[in-house]
Amino acid sequence: MKRIVLFTQETCPKCPQAKELLKEKGVSYEEYNLDDLDGLTEWAEIGQGIKGTPLLVVGEKAFLGPEEIKKALDEGKHLEEGEEPCGL
């Protein structure tokens, strides 16, 4: 199963939209807030140096913003089952 992580911030106006997209697709994910030290530490490890939120990291791939996240989810298959999705 691929690890799915969503990086957010309290002041991010698009983060709620990204969370809703993941909820609609039934995707389980870990959420890290970049306003917290734990979130920054995790981002430093897997965030691939990408700045901005919402940032979704699925395995080795990263998607920035709700538009990219939605496109990846629409093209993807079953994230939870570890299949190789089209977009993810």
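**Disulfide**

I searched the whole structure for disulfides and found one. The model I am reading is a predicted one. The disulfide links Cys12 and Cys15, with 2.4 Å from S to S. I noted that a disulfide is a covalent bond between the sulfur atoms of two cysteines. Next I looked up its handedness. The torsion about the S-S bond of Cys12 and Cys15 is about 95 degrees, so this disulfide is right-handed. Are Cys12 and Cys15 buried or exposed? I find both of them buried.

**Hairpin**

I then turned to strands β3 and β4. Strand β3 covers residues 55–58 and strand β4 covers residues 61–64. They run antiparallel, and four bridges join them. Two residues lie between β3 and β4, which form a hairpin. In the turn I noted Gly59, whose phi is positive, about 60 degrees.

**Helix α3**

My last entry is on helix α3, residues 65–75. Which of its residues are buried? I list Gly65, Pro66, Ile69, Ala72 and Leu73. Why do they sit on the same side of α3? They span an arc of only 135 degrees around the axis, and therefore share that side. As background, an α-helix has 3.6 residues a turn, so residues three or four places apart point the same way.

I also looked at the face of α3 turned away from the buried side. Exposed residues Glu67 and Lys71 are there. Finally I asked what covers the buried residues of α3. The cover includes β1 (4–8) and α1 (15–24). It also includes both hairpin strands, β3 and β4.

Definitions and conventions. Residues numbered from 1 in each chain as written. Predicted model: local features only at pLDDT ≥ 70, side-chain atom pairs only at ≥ 80, totals over all residues. Heavy atoms only, no water. Pairing = 2+ DSSP bridges. Buried < 20%, exposed > 50% of the residue type's maximum accessible area, 1.4 Å probe, protein only. Arc of directions from axis to C-beta. Contact = heavy atoms within 4.5 Å. Disulfide = S-S within 2.5 Å.
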